[in-house]
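Please read them with the coordinates open.

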Amino acid sequence: IIIKEEYGRGLKEEVALLKEKELVLLSISEAISEVIGESWRPIEKINIYVGACPIAPRFLSSNSFLLPYYHSVDTLINWSAHEMIHFLYFKKWKKLFPNHNPKKFEHPGHVWVLSEILVAVIGSDKRIKNIVKSERLSNSRMIWLMELSTKASSFSIISRFLLSFLAALQI
């Protein structure tokens, strides 16, 4: 795991705080591999950039993502876990479905939508949750996905499914 400043924006303190948690991030990556049942190889490094972007875009081609600098370190760790789950999830997806179009791994592709649901499920596994120590990994993205799905008419069936699913789980 390599933690860097996004384009030298003068965020040395924020980067240093996250770098102090590098061992935690490595433990999370090991737990993710165990839960998904997929090795990180040939992924040798994950680049985490701390910057001014208000969202956390991830880039599968370079195994990197950008985190907003103004959140707490705990939130950044949580967000990192979320993005690392995506990397290994899509690696496994490519192995299971080698002919699938990788463009579907991005919004609004159905594989991306499914990945957001499964990131919440995978992140809820105790092996990950005990390290991350946050409910936010599983809950906030599901709530966000529900909000997104209610805004898009093509997702109305998914929206109803998620609402009933979450109600059953009492999330």
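This is a predicted model: local features need pLDDT of at least 70, side-chain atom pairs count only at pLDDT 80 or more; totals for chains, interfaces and linings use all residues.

The points below run from the overall fold to single residues.

1. Overall fold. The protein chain has 7 helices and 4 strands. Their order along the sequence is β-α-α-β-β-β-α-α-α-α-α. The chain has 171 residues, and 44% of them count as buried.

2. Contacts and surface. Take the contacts between residues at least 6 apart in sequence: 58% of these join residues at least 24 apart.

3. Helix 2 against helix 3. Helix 2 spans residues 22–36 and helix 3 spans residues 73–96. Their axes come within 10 Å and cross at roughly 35 degrees. The crossing is right-handed. From helix 2, the contact uses Val24, Leu25, Ile28, Ser29, Ile32, Ser33 and Ile36. Helix 3 contributes Ile77, Ser80, Ala81, Met84, Ile85, Leu88, Tyr89 and Lys92. By class, that makes 11 nonpolar, 3 polar and 1 charged residues.

4. Serine 115. Where does serine 115 sit? Its place is in helix 4, residues 110–123. Serine 115 has a relative accessible area of 0%, so it counts as buried. Leaving aside neighbours within four places in sequence, serine 115 is in contact with His86, Tyr89 and Phe90.

5. Asparagine 63. This residue lies in the loop between strand 3 (58–59) and strand 4 (64–68). Is asparagine 63 buried or exposed? Its relative accessible area is 16%; the cut-off for buried is under 20%, so asparagine 63 counts as buried. Beyond neighbours within four places in sequence, asparagine 63 is in contact with Ile43, Lys45, Ile46, Asn47 and Phe87. Its backbone deserves a look too. Asparagine 63 is not a glycine, yet its phi is positive, at about 50 degrees.

6. Cis peptide at proline 42. The bond joining arginine 41 and proline 42 is cis, with omega about 10 degrees. Proline 42 is in the loop between helix 2 and strand 2 (47–51).

7. Cis peptide at proline 108. Which form does the peptide bond from histidine 107 to proline 108 take, and what is its omega? The bond is cis, and omega is near 5 degrees. Proline 108 belongs to the loop between helix 3 and helix 4.

How values were computed:
Residues are numbered from 1 along each chain as its sequence is written. Side-chain values use heavy atoms; hydrogens and water are left out. Helices (H or I, at least four residues) and strands (E, at least two) are DSSP runs, numbered from the N terminus. Buried means under 20% relative accessible area, exposed over 50%, partly exposed in between (1.4 Å probe, protein chains only). Contact means heavy atoms within 4.5 Å. Axes are lines fitted to C-alpha atoms, for helices over the stretch in contact, and angles run from 0 to 180 degrees between N-to-C directions. A crossing is left-handed if the near helix is turned anticlockwise from the far one by less than a right angle, and right-handed if clockwise. Ala, Val, Leu, Ile, Met, Phe, Trp, Tyr, Cys and Pro count as nonpolar, Asp, Glu, Lys and Arg as charged, and the others, Gly among them, as polar.
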